[in-house]
Amino acid sequence: TAAMYWCLRGGETTTELKRKAIWTLVDIMSRHHEYDVLVQNCFICLYSTQIMEHTGFVLTKFATALVSVLHSTSCLKILLGVFYKLSSLMWRQPASKKIQLSEMKPIEKTLDILRYLNNLDPLGQQQNPLKVMEVGWSFLCNITAHCPECCIQFCESGGVEIVLACYQSHRETFVKALPTLFGAFGN
């Protein structure tokens, strides 16, 4: 991953080399998603990369890798990265792309994660689960926007109950995140 990081950050790296580096990182994430440190290093490389510019972007391949990681990790740092990327990927996507991604059950898994994080003591964690929750809600808001099928999955998976439980538990700390928390609920 260090070599990929250098390729992506190097000022004189060609677009083709950046494209190959990005797809190599995505491939590593999808094939080895059970190795938290490796996936975390891949995310560090991809965080500031303009993926759409460099890849001739294929949403499905990248989103599939992210959802594979989502289903296999419990590391809060990695979950934060996955939710950030999924949220930004789902922003302004047509309903057909959202439905395609939803077949991999990221809505249900995200709600399971949020249910679990809602029951953690934020002070007892190395990384604050509230930030992960906020970005997870952002992803749910973006994937359900203008997509009735994803809204139905959200509701059938207990999304409304989890929104209310999170609001009850964290209403004081979620002041800035209330639009995100209630976004999927509103959709």
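Is Phe83 buried or exposed, and what is its relative accessibility?

Modeller: This is a predicted model, in which local features need pLDDT of at least 70 and side-chain atom pairs count only at pLDDT 80 or more, while totals for chains, interfaces and linings use all residues. Residues are numbered from 1 along each chain as its sequence is written, and side-chain values use heavy atoms, with hydrogens and water left out.

Phe83 has 0% relative accessibility and therefore counts as buried; the term means under 20% relative accessible area, with exposed meaning over 50% and partly exposed in between (1.4 Å probe, protein chains only). Rings of Phe, Tyr and Trp (its six-membered ring) pair if their centres lie within 6.5 Å; planes under 30 degrees apart count as stacked, over 60 as edge-to-face and the rest as tilted. By this rule there are 4 aromatic pairs. One of them joins Phe83 and Phe139: the ring centres are 6.5 Å apart and the planes stand at 20°, so this pair is stacked. Because Phe83 lies in helix H6 (residues 76-90) and Phe139 in helix H9 (residues 129-144), the pair ties together parts that are 56 residues apart in sequence. Helices here are DSSP runs (H or I, at least four residues), numbered from the N terminus. Phe139 is likewise buried, at 0% relative accessibility.

The rings of Trp137 and Phe154 also have centres 6.5 Å apart, but their planes stand at 75°, so that pair is edge-to-face. Trp137 belongs to helix H9 and Phe154 to helix H10 (residues 148-156), so this pair links distant parts of the chain, 17 residues apart. Trp137 is buried, with a relative accessible area of 1%, and Phe154 is buried at 0%.

Methods. Helices (H or I, at least four residues) and strands (E, at least two) are DSSP runs, numbered from the N terminus.
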